[in-house]
Amino acid sequence: QVQLVESGGGLVQPGGSLRLSCEGPRIVFSIYAMGWYRQAPGKQRELVATITSGGRTNYADSVKGRFIISRDNARNTVYLQMNNLKPEDTAVYYCNAGPGDNAPWPRATWGQGTQVTVSS
């Protein structure tokens, strides 16, 4: 069973930065497309950013220019660098992954989620 392990959440002041990490299985990581979702209390889960196996990225309008998704296949890890954080970024962030760069989102495999809280 494919497992994803997230880390890096926490409490940060508005305007601050955090970097989330998601480690996946070595055997398939390099061929998986990876994404980050988030879910705030009382809201639906939303897609934040994706990256294909070849490194092509896509972002939700709400995070463009502030968040950067990247991957390190040698470490089987995808990152979400979050800058200039706002209180509305507060949510549980989930890693999501699956094969095929053109398959629809979400994919079949989820991480356990990591809490990000932006507050002064």
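Predicted model: local features only at pLDDT ≥ 70, side-chain atom pairs only at ≥ 80, totals over all residues.
Author: Two strands pair if DSSP finds at least two bridges between them. The strands are DSSP runs (E, at least two residues), as are the helices (H or I, at least four), and both are numbered from the N terminus. Residues are numbered from 1 along each chain as its sequence is written, and side-chain values use heavy atoms, with hydrogens and water left out.

Reader: OK, what makes strand 4 and strand 5 count as a pair?

Author: They share five bridges, in the antiparallel sense, and the rule asks for at least two, so they pass. The hairpin of strand 4 and strand 5 has six residues between the strands, and G42 there takes a positive phi near 75°. Strand 4 also pairs with strand 9, again antiparallel, over eight bridges. On that side, M34 stands opposite A97.

Reader: Why is strand 4 called largely enclosed?

Author: Buried means under 20% relative accessible area, exposed over 50%, and partly exposed in between (1.4 Å probe, protein chains only). Seven of the eight residues of strand 4 are buried, so the rest of the structure largely encloses this strand.

Reader: And what makes a group of residues a nonpolar core?

Author: A nonpolar core is a set of buried Ala, Val, Leu, Ile, Met, Phe, Trp, Tyr and Cys residues joined through side-chain atoms within 4.5 Å. The largest one here has 28 residues, and M34, W36, V78, L80, M82 and Y93 touch the most other members. Strand 9 gives the largest share, four residues. As for M82, if you skip residues up to four places away in sequence, this residue touches G16, S17, L18, L20, R66, F67, Y93 and V116, where touching means heavy atoms within 4.5 Å.

Reader: How do you know that C22 and C95 are joined by a disulfide?

Author: Their sulfurs sit 2.1 Å apart, and a disulfide is a pair of cysteine sulfur atoms within 2.5 Å, so the link qualifies. C22 lies in strand 3 (residues 18–23) and C95 in strand 9, so the bond ties together parts that are 73 residues apart in sequence. At 0% relative accessibility, C22 is buried, and C95 is buried at 0% too. With -85° about the S-S bond, the link is left-handed. A search of the whole structure finds one disulfide.

Reader: Why is the Y94 and W110 pair called what it's called?

Author: Rings of Phe, Tyr and Trp (its six-membered ring) pair if their centres lie within 6.5 Å; planes under 30 degrees apart count as stacked, over 60 as edge-to-face and the rest as tilted. Y94 and W110 come out at 6.2 Å centre to centre with 90° between the planes, which makes them edge-to-face. Y94 is in strand 9 (residues 91–99) and W110 in strand 10 (residues 109–110), so the pair bridges a gap of 16 residues in sequence. Y94 is buried at 14%, while W110, at 29%, is partly exposed. Together with Y37, these two form one aromatic cluster.

Reader: What makes R45 count as sitting over the ring of Y94?

Author: A charge sits over a ring if NZ of Lys or CZ of Arg is within 6 Å of the ring centre and within 35 degrees of the ring normal. R45 lies over the face of Y94 at 3.8 Å from the ring centre. R71 does likewise with F29, at 4.8 Å.

Reader: How do you know whether F29 is buried or exposed?

Author: F29 has 1% relative accessibility, so this residue is buried. F29 is found in helix 1 (residues 26–29). Leaving aside neighbours within four places, the contacts of F29 are G24, M34, R71, D72, N73, N76, T77 and V78.
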